[in-house]
Structure formats: C-alpha cells, structure tokens
Amino acid sequence: MESLDERKEKIPHLLENLMRTIIARLFGRSPIPPLQFHMSKVAECVQKVDDLFSALNAGDYEKIKTISEQISESEHAADLAKDDLRNDLAHGVFLPVDKTTLLTILALQDSIADKCEDIGVLLTLKRLELSETFKDDFQQFLSKNLETFGVAQRIIQQLDELLSTSFAGVEAEKVKKMVDDVAFKEHEADLLQRRLLQRLFELESAMPHGTFYLWQKIFEAVGNLSNLSENLGHRVRTLLDLKS
Amino acid sequence: MGTESVLLGFTLLFGVYMAWNVGANDVANAMGTSVGSRALTLRRAVVVAAIMEFCGAFFVGSHVSDTVRRGIVNPEIFVSNPLFLAYGMIAALLAAGAWLQVASYYGWPVSTTHSIIGAILGFGVVIGGFRAVYWHQVGTIVMSWIVSPLMGGIIAYLIFTLLRRRIFYASNPVEAAKKLTPWLVFSLFFVLTLVMLFKGLKNLNLHLPFARALEFATAIGLIAALVSWPLVRRIRAGVAPQRELEIQPPKVAKALIKAVKNLRQAQTDSSGETHYQLTRLLSEVEMLAKTAQRGMEVEAGGDHLKAVERIFAYLQIMSACFVAFAHGANDVANAIGPLAAAVDVLKTGFVAMEASVPIWMLALGGLGIVVGLATWGWRVIETIGKKITELTPTRGFSAEFGAAMTIVIASKIGLPISTTHTLVGAVLGIGLARGLGALNLRIVRDIIVSWIVTIPAGAILAVLFFYVFRGLFG
C-alpha cells in the first residue's frame, strides 16, 4: 500500500508528464562531481597506505591485515563510482572536455587505488620489518609520494572551479602551476627512491632473498603513486585553455 | 448569422486556447534558464514574463502574425468559397493544439510554431491545391528553422567567448566585469529599441525611418548604459573577510576522521541525554573534518567568480526581459495569425483582409499568453528551473542574449521560428565554448525527428478537422 505522502509525491511527477520541459532535458549530469567523488574514494585508499606503514613501524601485523582489507573495500567503492561515471558518459553527451582525456584521468585515478591495494597485499605476504638502515629514507620517500598525490587530488578538486571559468583564465594558470608542482614533487620522489634503493642494496648480503625482493616491489609500488599522480596532472593540463 | 456566430465563437475559443498553450509551455522554456541560474525568483520570472510577453505580442507581434495569416496560404484561392478559409484556419488551430497535447504527453520536443505551420500548410495543399501555397515563402520559413538555432548558437558562443576573454582572463575579474557591463547593457537596449522602432509600432501610428530609429536606439542604449554604470560600481567584490583557509597537514584531517568514527560508535551505543549530545558533537566534528579535508578548496578565487556571477545575475534579468519580449513578438502569431484570418472571413463574408492584424487581436493573444503563464506556465518554469542547476548567470545571460537577438530579428522580418529550438541552439553554443558541464545531445536528435514528424502530423490533423467542420457547418 502506498502511503498518502508517497502518493502526494507522485502528483508533481504526473504533472511533469504534461509539460514540455525541452530546455531542462538539454542539461545533462556534469561528469566532474562524480570524478571528484571517485578521487575522494581513491584518497581514502592512499591515506590508508600511510596507516599501513605506521602499523608496520609499530609491528602490529594484525592491524596491517585489517587496514589492507579496508583498502580493498575502499578500492571497491572507488570501482563502483568509476562504473557509475563511465555509464554516464556512454553516448550522446556533449562535454566541455575531451571524453577520452576524461576517461584517461579516471583510469589513472583508478590505478592509484589499485596500487594502494597492491601495497596492502604486499605487506601481508610476509612479516616484514622496517630495517634501521633505510627506515628514515623510506619515511621520507613515502611522505613525498603522499604529498605528490595530495597535489594531484587538489588539482582534481579544482575542476569545478575550472569549469566555472570554462577552463580558461587565471584559474587555468593556477592549475597549471599546480601541475608543475606535481611534476617537481614526482622528481623529488624519484631522487629519494634512488637513495632508498642504494640503502637496500647495502643490505643485499644480510637480507633473505625473498625479503629483499619484496621490499623492492614495495618501493616500486609506492613510487608509482607519485608517477601516476604526475601523469594525472599532465592529463588535466591538456584540458586547460592557456594563453599563448 | 447563426452559423457565423458559432464559428466566430469557436475561432476565438481555439485562438485563445492556442495562446494559452504558448503561455503555458513555451514561455517556460524561455524563462526557465533565468530561474535555473537563480537570476530571478519564480515569482519575479512570472511577473517579468507576463509584462514582457504582452508587450512583445502587442507591439511587435503583427509581423509574424501577418505571415501566418496570409503569407503561407494564398487567401485569394478561397474567394469563391470564403468559409473554407475560415474552416481551415480553425482546423489548423485545433490540429496544432491537439498535436501539442499528444507531444507533451509523450515528451516529444515539438514546437508550437512547427505544428501550426504544418497544419496551415496541410489544409492549404489539400483543400486549396498545390498552387494555394506560397512555396517560396514556405522555403524561407523552413530555412529560418534551420538558421535560427544556428544563429542563436553562434551569437551565444561569441558573447560567451567575449566574456571569457574579457573577464576570466583578467587579473581582476570583478573589475573587468564591471567595465564590460555598460557595453553589454548598451548593445541590449540598442538592439531592442531599434527593432521596436524601425518600421514598427504601426499600432501606435509611429513610423520612423531607419536613420531616426538608429538615433533613438543609440540614445536609449546610451542612457541605459549610463544608468547601469554607477549601479554596477556599487556591487561589492564580496571578498569581505578574506577567508584564506590555512592548509592543514593531512594528519589533521586523518585524526579528525578517526574522531568521527569513534564518535559515531559511541553515538550508536549510547542512549538518552548522552546520545543527544553525541549526535550534536558528531555533526560538528564531521563539519570540521570536511573543511580540513578540503583544505585549499575555499580560496579567494572562488569569491571573485561569485561576484562576477552576481553582476551577471543583474544583467540576466535584462536578457530575460529581452527573451520574453522576443518570444511574445514571435509566438503570439501561432494563435493570432490563424485567428485573424478566420475572423476576417467570418465578419465580412469575403476574403478581403485588412491591411494589418488588428490591435485588439494582438492584445487578446498577449492576454491569452499571460493567462497561460499564470495558470499553468509557472509550474513548468518551476520544474525547469529545478532541473537546470548548472547554469550560472554568465551562461544564462549569453544564451538568452543569443536567442533573444535571433528571435527578435526573425520577428521583425516576419518569420515564425521556434523560440525553444533557438534557445536550445544558444545553449549548445555555450557548450561549444566549454561553458557547461554536460549537454544531452539526444534531445537535438529528438528535435530533428520532431521537425520531420510534426509537419505531416499537423497537416493530417488539420485536414481531418477541416472535413469535420465542413460536415458540421456545410
């Protein structure tokens, strides 16, 4: 049985059927809020990567397991958001940005979440310990990667303001600067990664082969966070209408 | 005498019904953009639309009405049987009205104008014969249906591009917008006055040659611009308390999120007074966590853009008036054109048309539109306004400017075009200038299909109704 309220709600709906609301039907759903929503889910994953290493530092392996599972959950939520957006872009929608670029940005965001999940899995494979030899370097490297991602996230957050200036003008210049910033931070992360690898190879003979290999994989995965963030920034840059 | 009176009654009834239909549905599409961008409240939009639609219909409505009345089907063909012309025109009104009801029900983007032209064409060809139709004129009208959305789109695109270059590229967008405002006001008033005055206002026995009209238009444009100048100066940039939100390190946001989690746990497990207090606390901490997460989002830049949009909200009130005026001038013909033709025949018994459409008919049409707006149109405006949430005043202004300019020019030349389709073209123009989040191109396909379907549908219905009338009245 429908309640009275439900029926009342249906009345305007019925009336709408008798209206010629042509102009309203011209306006579609902007892809930018869903893209930003997806990015916020990705950011949840990235934040948990930080927690993951804090737990490792504390030697709390149970926590590592739970956090790793949480990352998987967030990654799944991001996937749902991604599908939602992709379906919206199916066809017949005209966007202020190149659709392929938009999908590439979405794919990049998605792979960041995937990387986070990978890191989570890698840490649960084996009981690892942060060696004193590279502990500090690793912490720096991790923060730099998170920082780089942070800028990429802010770039995505700028997209709605960019739309309001139609991807041009002062706002576009601002985003361009942020993209430069991402690229610079990624470079810094690269340098840190090089030093970190040197430290790791210092331990080559003292470390079991499996552990050695695992750490290498972990560094690679963490380093990918900044690499992907940089790519993301460059993709957004192609959307801008810059002077000259 | 009896039959004529009954027919006259029918004509007026259907004519007013058609005007009501225009006011109920088409005005909403013209005004919806202003409500959607929040430049106008619903109440104001209705008042503005009522006044401007009536003025447009009354002052400039005669041109298009005349085209519909005797520019499509040659009335001379019916000299030997004048009543046929009256039947045909009444049938056309009824056919268009019926077709619009069907189209509304199924949600087809059908144009009032296309329906009525299709209906008149149909009865003209079937009853009067192929030669009864001014094909040359029909060709021009059909061309104008293609050209008007294009032109609306191009003008809107150009205006919006101008705004981008002048305002969004400026280091101080608010100042730039203030500088640009008088120019925009000038061009708006200039065009509107020029169109009104040049060879117009026959109703008021005011004939102005082009040079005089130009002078008048320039003068009025200048006055309007001068008035707007100090007004726009007064609008504050609105940067009042420079809320440069200091960027918190990510740790802060994270800690707050954890706090929210713990609080939520506590809240679900608690009861009574504690539960209530926790609920309050939770919402507060949640807010805090959100702001900390957003960090840089709130910035001076956003405030500037908001101030620009505020300036354009005022400009959009003007463009909305312009659109309503243009719409009244063009669409009143859909009701009054056929009505005038039929009434002439019924009153005199001859196919001898008066030089121009009588004023009282235009006033009747304008009134019909206003009544349609007051009884049903406001609902449609409200619905449309709710659905268009992404349109900002800069976009709305540009789109309305492009559409109104096109419609008002078409009205002056006497071309019955679809105002809604022109506005669709204008909005697409803004989309091409990268001004809108997403546009549904499927509606464009639907519009093209509806063009193709509406003409024969209107025609067939009109012929059907014609035979019904002839059967009833001989």
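A:Asp241 is partly exposed in this predicted model, with a relative accessibility of 26%. Its salt-bridge partner is B:Arg164, and the closest N and O atoms of the two lie 2.6 Å apart. This pair crosses between chains, running from helix α6 (residues 135-168) of chain B to the segment after α9 (209-239) of chain A. On the chain B side, B:Arg164 is buried, at 9% relative accessible area.

Across all chains, the count of salt bridges comes to 24. One of them, within chain B, joins B:Glu309 to B:Arg395, with 3.8 Å between the closest N and O atoms. Here distant parts of the chain are linked: B:Glu309 sits in helix α11 (residues 300-348), B:Arg395 in helix α13 (residues 393-413), and 86 residues separate them. Both B:Glu309 and B:Arg395 are buried.

A:Lys174 is partly exposed at 21% relative accessibility, whereas A:Glu171 is buried at 5%.

Turning to A:Leu95, this residue is found in the loop between β1 (93-94) and α5 (99-125) of chain A. A:Leu95 is buried, with a relative accessible area of 8%. Beyond its sequence neighbours up to four places away, A:Leu95 touches A:Pro31, A:Leu89 and A:Leu102, along with B:Gly437 and B:Ala438 of chain B. The C-alpha atom of A:Leu95 is 53 Å from that of A:Glu202, a residue 107 places away along the chain.

Notes. Residues numbered from 1 in each chain as written. Chains lettered and ligands numbered in written order. Predicted model: local features only at pLDDT ≥ 70, side-chain atom pairs only at ≥ 80, totals over all residues. Heavy atoms only, no water. Helix = DSSP H or I, 4+ residues; strand = E, 2+ residues; numbered from the N terminus. Buried < 20%, exposed > 50% of the residue type's maximum accessible area, 1.4 Å probe, protein only. Contact = heavy atoms within 4.5 Å. Salt bridge = Lys/Arg side-chain N within 4 Å of Asp/Glu carboxyl O.
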